[in-house]
Amino acid sequence: MTTTWYIVLSAVLFAVGAGGVLIRRSPLVILLCLELMLNAGNLALVAFSRAHGNAEGQVFALIVMVVAACEVVVGLGLIVAVFRRRLPLNVDDLRELRG
Amino acid sequence: MSPTIWAWLVLAFPLAGCLVNAFGWRVLPGKTAGWIGAVAIGLAFVCAIVALIALQDHTASDRTFTSSLWTYAAAAGLDIKLGIYVDPLSVFMILVVSGVSTLIHLYSVAYLESDRGYARYFSYLNFFVFSMLLLVLAGNFVLLIVGWAFVGFASYALISFWYRRNTATTAGMKAFVINVIGDVGLVLATFFIFRDLGTFDYGAVFSAAQQQFHTNQGVVIAICLLLLVGAFAKSAQLPLHTWLPDAMEGPTPVSALIHAATMVTAGVYLIARTHVLFELAPTAADISAFIGLGTLIFAATCALAVTDLKRIIAYSTISQIGYMVVGVSIGAYGAGLFHLMTHAFFKALLFMAAGSVISAMAGTQNIDRMGGLRRALPFTSVLMIVGALALAAFPLTSGFFSKDEILVFASTRGGMYWIFTIGGYVGALLTGFYAFRIIFRVFWGEPVPEARELEQGHLAHAPPENPLTGEEEDTDIGFPGAEHHIAERDWEMGWAMAILGFLALFGGFVQIPGVDNVVENFLAPSFANSVFANIIPSTGSAYLGLLVGAIISIVGLSAAYWVYVLRPGTSAALIRRVGPVHTFLVNKWYFDELYDAVVYRPLIATGWFANNVFERVVVQGIVTAAVDLVRGVGVMVRGAQSGFVRAYALLLIGGFAALGLYFLIASQ
């Protein structure tokens, strides 16, 4: 059994996530797509780890999960804050920080 | 009790007086601040006497004590303690400083009574006395520098005491700048001492210097010359003397205390204190002696022509310090310090009397506008004549014994040191003349209107003005007070002057050749290891010197009497005949103009160039170019920051994809 299919699945998931980030305007969905991209990466890490018989990849996957959790906390917090101030939940309208 | 405890108390009282006056000025009524200041210094004087008695309990060879309160700085190879050094020399100095200061504080209590800055004045004055005592009691070079800088500040603060007077603040700055030049010399000398001897403590430095340096070694000459820079700036010797005449802008008691009796003699004390180093560097000592000789003659000639009463006395101070510098530089330590003591008496007295005269003239200081004040100011005139007699070394006055002792020592040392004897007598002739020029111009002749008014019991009050420029002033804080005070009416001033007058007349009797030798015997332990200790002028030569001195003094005095009293037109005729010389002297040998051309103008021109050319063109050019560059780049990249998060994401993903593709292709 080769890792090829796992890597293909990972690439497809990553592409879906990246496409979602690029296309969708709702911050909530963008956050979900980011999560998808991170987990695509995790899948690749675990697959390679398994193929090489090396546990380091698994450890990396765990760390990525922790980072993802943190990122979700911050992201969701921002979204709630934006919602409370009754601003449009649309990343194209939230463009105060332009040059 | 050990002498050091009393020495610490000597330091504590003036500091306490300074702090009480500084923080209590708002609540101290009337003359309280003045009395607090005077009593604090008086107590310091009492402690100095007790320290003297405590010192006498010990045998002559065992009269050096050190004591330290705490360690100032400690590091590898460095150990500086807040320590004092009590030996006959420092006890002698604290006695002179605190004694004369007590009388001058007493005088000031009345003299500045109506000044709005009364408590501030006494706070400064007490601070000065504290600093001066710290300077003379310091046990190492670091603390010496602290005291040295403190007295410089006190002098600055008191010269500029009337801070709304432009001439006073400029004079203060001038004094401060020149004093800082001296401080730099002293600090550099200390660096050299520490580099080569590894310690700052007096005792250790002097014993190590005698072992490590050989005579006239380069570094010890350098140390001595740098010490001389400090000493000459503080003691107003050539070429750093120009600040002292201007320092007369301060209140008259300040001139008496700081710029005549005490602070300006710090240089003499420094040379005496470091005499071990100077004896290892005879070249530096000779340079010092020649500068002293040059200064004493130069300043005496200026005093012949200047017409500002206080400035005449200031030049005479510079001249007399020249004698002391000659004395301590050629090895006549006891004689030099004896002259320091008698000079403190008669010069403080002259300034006090001058203060009384200036008050009677409602602030005028120009002797051209004075005359005939003898009957209006009987007490002041007697005391001023006493001071002038002592200054002119009139037989049996204090200056007579002290000045001649220096000159006799020079002749006993022989060789080229005869120059100092001869030069000193030339200076003495000029001294006799200018001392009595003051007396005859001010007190003899036709009474001026102010004198006539005062004879009728009315003290003239002119509208307040700057005596130098004639600018109008008021009498609020920052300017002199409204009332004028003369010694005839205020007992504090009268008593201070009477005591100093007594000392100026009879202070010399402590050291009559062949009879007694109090000052030198007392100081002997401090100079016991001096190579000049065995040069003792014989009694015969001392009396011959006194005889020559007496004749010269009387000749100078008589010449003044002849010029100013017997033939009143003579001085005007002389000025006409030797016009250029007179102009040269009136302009004080053009030293101020020289410094103006050599230092001040080039600096101002450099400043102008830096501001108008360098700053405007070069600096601003570079700064503007840098700003424009940053701004231009900003304009170019600003478009990328659109605020569209998805555009950033596209850039990121596209970028990584492109990179990935590139590496994929490159790895083929």
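This is a predicted model: local features need pLDDT of at least 70, side-chain atom pairs count only at pLDDT 80 or more; totals for chains, interfaces and linings use all residues.
How many residues does helix α3 of chain A have, and how far does the helix reach from its first C-alpha to its last?

View 1. Helix α3 (residues 56-84) of chain A has 29 residues. From the first C-alpha to the last, the helix reaches 42 Å, close to the 42 Å expected at 1.5 Å a residue. Just after α3(A), A:Arg86 takes a positive phi of about 55°.

**View 2. Helices α3 and α4 of chain B.** Two packed helices are described by the angle between their axes and the distance between the axes. The axes of helix α3 (residues 88-111) and helix α4 (residues 118-137) of chain B come within 9 Å and cross at roughly 170°. Angles over 145 degrees count as roughly antiparallel, and α3(B) is therefore roughly antiparallel to α4(B). Among the residues of α3(B) in this contact are B:Met93, B:Ile94 and B:Val97, while those of α4(B) include B:Leu125, B:Val129 and B:Met132. By class, the contact comprises nine nonpolar and five polar residues, with no charged residues.

**View 3. The contact between chain A and chain B.** Each chain is represented here, with 10 residues from chain B and 10 residues from chain A. On the side of chain B that touches chain A, helix α26 (residues 645-666) of chain B gives the most, with five residues. The residues on this side of chain B divide into five nonpolar, three polar and two charged. For the complex, the predictor gives an ipTM of 0.83 and a pTM of 0.79. Chain B averages a pLDDT of 87, and 100% of its residues score at least 70.

Definitions and conventions
Residues are numbered from 1 along each chain as its sequence is written. Chains are lettered from A and ligands numbered from 1 in the order in which they are written. pLDDT is the predictor's confidence in each residue, from 0 to 100. Two residues are in contact if their C-beta atoms, placed from the backbone, lie within 7 Å. Helices (H or I, at least four residues) and strands (E, at least two) are DSSP runs, numbered from the N terminus. Ala, Val, Leu, Ile, Met, Phe, Trp, Tyr, Cys and Pro count as nonpolar, Asp, Glu, Lys and Arg as charged, and the others, Gly among them, as polar. Axes are lines fitted to C-alpha atoms, for helices over the stretch in contact, and angles run from 0 to 180 degrees between N-to-C directions. Angles under 35 degrees count as roughly parallel, over 145 as roughly antiparallel, 65 to 115 as roughly perpendicular and the rest as oblique. The expected span of a helix is 1.5 Å times one less than its number of residues.
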